[in-house]
Amino acid sequence: ERTFVYDGQQKTIRASGVVGAVAGEEAAVLAALLYTGGGVDAGEYTVTAALPEGGDYLFSSPQSVKFTVSPRSAGLAWEGEDPYVYVFDGATHTPTAACTEQATVVYSYAAADGTVLEGPPSEAGEYRVTARVEDKNYTAAAIETTFTIVADEAGGEDEA
């Protein structure tokens, strides 16, 4: 198998046979192989098998094979109940997303008119938030929802 799915464990490939070994000595050759390479995170890796110097066996050159660790699928879902409505209190407010894996979730925000915000809003208004996974070991479809911060009827924020 030359493709693995990320699971947080070290991945490598081992030889299962040797071409040209003397009959009955294949197991000894396999046991003598020294491996370098492999990896844990999503990406492409090379594993090289070589025989120790001075042994009874010899490769003309070390043998290498490439393999891939693919990102694991994750799911995103908004926490809480829609519609997301918050009362203005001067603090930032936004819905949050839960991820099915221990992946990094990042958010982007925009006002109802499409103006991109630098962070979560704190002023009264209507907004859009997008959550997406930003982690090389996981992949998930981005999700989006809207939310509102309403003026405090008790006299918090002045309506313009």
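**Strands, Sheets and Cores**

Trainee: Which residue in β13 is the bridge partner of Ala 131?
Mentor: Strands are DSSP runs of E with at least two residues, helices are runs of H or I with at least four, and both are numbered from the N terminus. Strand β13 covers residues 143–150 and runs antiparallel to β11, to which 7 bridges join it. In β13, the bridge partner of Ala 131 is Ile 143.

Trainee: What kind of model is this?
Mentor: Residues are numbered from 1 along each chain as its sequence is written, and side-chain values use heavy atoms, with hydrogens and water left out. Local features need pLDDT of at least 70, side-chain atom pairs count only at pLDDT 80 or more, and totals for chains, interfaces and linings use all residues; the model is predicted.

Trainee: In what order do the 5 strands of the open sheet stand?
Mentor: Two strands pair if DSSP finds at least two bridges between them. The pairing in this sheet is mixed, and the order is β7-β13-β11-β9-β10.

Trainee: Which are the edge strands of that sheet?
Mentor: Strand β10 pairs with β9 (residues 105–111) in the antiparallel sense over 2 bridges, and Tyr 109 stands opposite Leu 117 in β10. Strand β9 also pairs with β11 (residues 125–133), antiparallel over 7 bridges. The edge strands, each pairing on one side only, are β7 (84–87) and β10 (116–117).

Trainee: Which residue in β11 is the bridge partner of Tyr 107?
Mentor: In general, strands of a sheet pair through backbone hydrogen bonds, either parallel or antiparallel. For β9 and β11 the pairing is antiparallel. In β11, the bridge partner of Tyr 107 is Ala 131.

Trainee: Which strands stand at the edges of the open sheet of 4 strands?
Mentor: The order of this sheet is β1-β4-β3-β2, with mixed pairing. The edge strands have a single partner strand each, so one side of each is left without a neighbour in the sheet; they are β1 (3–5) and β2 (34–37).

Trainee: What is the average twist from one strand to the next in that sheet?
Mentor: Strand β2 pairs with β3 (residues 43–50) in the antiparallel sense over 4 bridges, and Ala 49 in β3 is the bridge partner of Tyr 35. Axes are lines fitted to C-alpha atoms, for helices over the stretch in contact, and angles run from 0 to 180 degrees between N-to-C directions. From one strand to the next, the twist averages 25 degrees.

Trainee: Is Phe 67 buried or exposed?
Mentor: Phe 67 is found in strand β4 (residues 63–70). Buried means under 20% relative accessible area, exposed over 50%, and partly exposed in between (1.4 Å probe, protein chains only). At a relative accessible area of 1%, Phe 67 is therefore buried.

Trainee: Which residues have the most contacts inside the largest nonpolar core?
Mentor: A nonpolar core is a set of buried Ala, Val, Leu, Ile, Met, Phe, Trp, Tyr and Cys residues joined through side-chain atoms within 4.5 Å. The largest one has 26 residues, and those with the most contacts inside it are Phe 67, Trp 78 and Phe 147.

Trainee: Which strand gives the most to this core?
Mentor: At least two residues each come from β3, β4, β6 (76–78), β7, β9, β11 and β13. With 4 residues, the strand that gives the most is β11.

Trainee: What is the relative accessibility of Asn 137?
Mentor: Asn 137 lies in the loop between β11 and β12 (138–139). Contact means heavy atoms within 4.5 Å; not counting residues up to four places away in sequence, Asn 137 touches Tyr 6, Asp 41, Ala 42, Pro 71 and Arg 72. Asn 137 counts as buried because its relative accessibility is 8%.
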